[in-house]
Structure formats: structure tokens, C-alpha cells
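User: I have a model open and would like to talk through how it is packed. Could you take me through it?

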Amino acid sequence: MDAVVKKLLRESGATFSEEAGFELKDAPAALFKLLVLANLLSARISSGIALSAARELFAAGGGTARGMARLTWQERVDALGRGHYVRYDESTASRLGDTAGIVQDRYRGDLRRLAIEAGRDRRRAGELLREFPGIGPTGADIFCREAQAVWPWLRPYVDDQVKKGAERLGLPTDPDDLAGRVAGKDLARLTAALVRVGRDKKLADSFKEAAAAGR
């Protein structure tokens with residue numbers, strides 16, 4: 001493994017799921033939390049605020065489709081407010097309620113059924129994800145980047161944000177070549193790190209300087 005890749009995993013390789021305080025598993029509750037997180041991260045708001053809002057929603061009982069549906073609209077608004085997700089709190093509260101209803105009605109509360117309906121095809125999975133309110137191409141990319149840790153059929157999921165980070169560090173942008181730098185289970189961590197690098201030029205420069213110095 002390249003020294004720069006090791007450093008990426010070590011210093012910036014926490015997935016967004018981990019930062020939101022839950023372990024991603026191929027299980028209904030964890031996958032629903034990831035869908036909520038993808039929805040929150042899709043807005044034009046800082047990732048830190050989105051992560052804080054997700055933690056508040058989960059603490060309030062919105063960590064499953066049933067739990068989210070049981071929360072009143074005002075309870076969802078209040079949880080978002082505690083996470084400082086105030087710019088989009090009312091519309092997001094409505095979307096999350098609608099999302100919970102779709103997961104319950106169409107997928108019987110279990111997003112593993114989305115994988116089955118998609119035929120474990122990446123393109124079709126993206127289409128199904130974009131049917132949820134508030135999930136566009138960006139949200140679908142976020143979900144799939146993280147879910148590839150537990151859904152191997154998504155690998156390698158390398159979107160434009162990941163490629164931007166890889167290009168900044170001189171790493172390959174070809175999905176198969178990039179994926180070949182890490183074990184399959186670590187690809188979600190690598191892509192999360194590269195998204196951060198793609199958004200933060202100072203962070204990218206620090207990795208390049210460390211690589212040049214052999215650290």
C-alpha cells in the first residue's frame with residue numbers, strides 16, 4: 001500500500017457513518033441511518049452540522065424507519081435545531097417523515113430489499129435511491145460510497161468527488177486502480193478520506209508535503 005494511502009486511512013479515513021456515531025452494518029437500522037445521513041449531507045450545509053443533526057435525530061428515536069415515522073414533525077424539527085441544522089429544518093423534517101413512510105411501505109422497513117429490487121446493480125440502486133425525497137445524485141453517491149463497506153457488489157464506488165481528491169494527491173482516478181490500493185473493506189474509508197481532500201486544498205497539500213518528505 002502506498003505511504004500516502006496509509007496516511008489517508010490513518011488520519012482522515014473515518015467514514016461519515018462512524019462520525020455520526022453508528023457502526024454501518026448490513027442491517028435495517030444501520031442502513032436507514034445511512035439514508036438519513038445521506039439526506040442531511042446533501043444540503044448546502046457543513047458536514048459537521050449535518051453529522052450533529054443526524055446524532056440528534058437518532059438520539060430522539062429516529063434511527064429506524066418506524067422510529068422516524070413515530071416522531072412528530074415538530075419533534076424532528078426540534079432535533080434538527082439542536083444539531084444547528086436550522087436553515088433547512090422544516091423542509092427536511094417533512095422529507096424525513098416521507099422517507100420513513102416509503103421505507104416502511106415499499107421496503108417493509110428494510111433497505112436490504114432495495115438491494116434486491118436493484119438486482120445488486122449499481123446504476124439501478126442509484127435510481128431507486130433518488131426516488132427518496134431529498135436524495136439526488138449527491139445523496140445517492142454518499143449512500144453508495146459508504147454502503148460499499150457492507151455491500152461488496154457496489155465496489156468500487158468511486159464518484160467525481162473521490163476522483164477530485166485522488167487527482168489532487170496524484171493517485172489513480174480509475175476506480176479499479178484506486179480500489180487496488182486497499183483491501184475491499186477499507187475502500188469506503190479511502191473514498192471518505194479522498195472526499196475530504198477534494199474539498200479541502202490545505203488538507204491535500206499537507207498530505208502531499210508528508211508524502212514528499214517520506215512521512
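User: What do the buried residues of H6 pack against?
Analyst: The buried residues of H6 pack against H3, H4, H5 and H7, where contact means heavy atoms within 4.5 Å and helices are DSSP runs (H or I, at least four residues) numbered from the N terminus. This is a predicted model, in which local features need pLDDT of at least 70 and side-chain atom pairs count only at pLDDT 80 or more, while totals for chains, interfaces and linings use all residues. Residues are numbered from 1 along each chain as its sequence is written, and side-chain values use heavy atoms, with hydrogens and water left out.

User: Which residues of H6 are buried?
Analyst: Arg76, Val77, Ala79 and Leu80 are buried in H6, buried being under 20% relative accessible area, exposed over 50% and partly exposed in between, with a 1.4 Å probe and protein chains only. They lie on the same side of H6, because they cover an arc of only 160° around the axis, taken from the directions from the helix axis to the C-beta atoms.

User: And what about the largest nonpolar core, how many residues does it have?
Analyst: The largest nonpolar core has 52 residues, and Leu40, Leu111, Leu129, Phe132, Phe143 and Trp151 have the most contacts inside it; such a core is a set of buried Ala, Val, Leu, Ile, Met, Phe, Trp, Tyr and Cys residues joined through side-chain atoms within 4.5 Å. Helices that each supply at least two residues of this core include H3 (28-41), H6 (73-82) and H10 (137-147), and H3 gives the most, with 10 residues.

User: Which residues does leucine 129 touch?
Analyst: Leaving aside residues up to four places away in sequence, leucine 129 touches Leu35, Leu114, Ile135, Ala140, Phe143 and Cys144.

User: Which peptide bond is cis?
Analyst: The bond from arginine 155 to proline 156 is cis, with omega near -10°, and proline 156 sits in the loop between H10 and helix H11 (160-169). Most peptide bonds are trans.
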